[in-house]
Amino acid sequence: MYPIKEVPMEAEALTDWLYQRFVEKEELLAHFYDTGSFPLEDGQKAAVSRQMTLDPVRLCVIQSLAFASGFVWYSVLQYLYCCLF
């Protein structure tokens with residue numbers, strides 16, 4: 001993320017600035033593909049990551065609510081269709 005004050009307003013300067021961000025992104029990706037992790041930022045001693053957990057019960061509840069919502073909308077639209085025709 002970059003502060004808006006750093007982003008140039010003139011078209012040519014903005015083009016150069018965007019090109020530099022693209023080069024920066026490509027360097028980060030090249031480092032990631034070579035090492036499997038992004039480079040550490042200034043003052044950072046180790047890469048910090050958090051464990052990703054997926055709760056199967058939570059996922060089933062969310063999917064059930066999505067299906068129930070779809071059924072309710074189907075019923076409402078079917079009722080409206082039957083009332084109109």
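Predicted model: local features only at pLDDT ≥ 70, side-chain atom pairs only at ≥ 80, totals over all residues.
Residues are numbered from 1 along each chain as its sequence is written, and side-chain values use heavy atoms, with hydrogens and water left out.

**Salt bridges**
- Searching the whole structure turns up two salt bridges (a side-chain nitrogen of Lys or Arg within 4 Å of a carboxyl oxygen of Asp or Glu).
- R21 pairs up with E24, and their closest N and O atoms are 3.3 Å apart.
- E24 and R21 are three residues apart in helix 1 (residues 11-35), so about one helical turn separates them.
- K25 bridges to E26, with the closest N and O atoms 2.7 Å apart.
- K25 is partly exposed at 37% relative accessible area, and E26 is partly exposed at 35%.

**The largest pocket**
- E24 turns up again here: M1, Y2, E24, L28 and F38 are among the residues lining the largest pocket.
- Sorted by class, that lining has seven nonpolar, two polar and two charged residues.

**Over on helix 2**
- V72 belongs to helix 2 (residues 56-84).
- V72 is partly exposed, with a relative accessible area of 48%.

Note on methods. 1 Å grid on protein atoms, 1.4 Å probe; cavity = no way out; pocket = protein on both sides within 12 Å on 5 of 7 lines; lining within 4 Å. Nonpolar A, V, L, I, M, F, W, Y, C, P; charged D, E, K, R; others polar. Helix = DSSP H or I, 4+ residues; strand = E, 2+ residues; numbered from the N terminus. Buried < 20%, exposed > 50% of the residue type's maximum accessible area, 1.4 Å probe, protein only.
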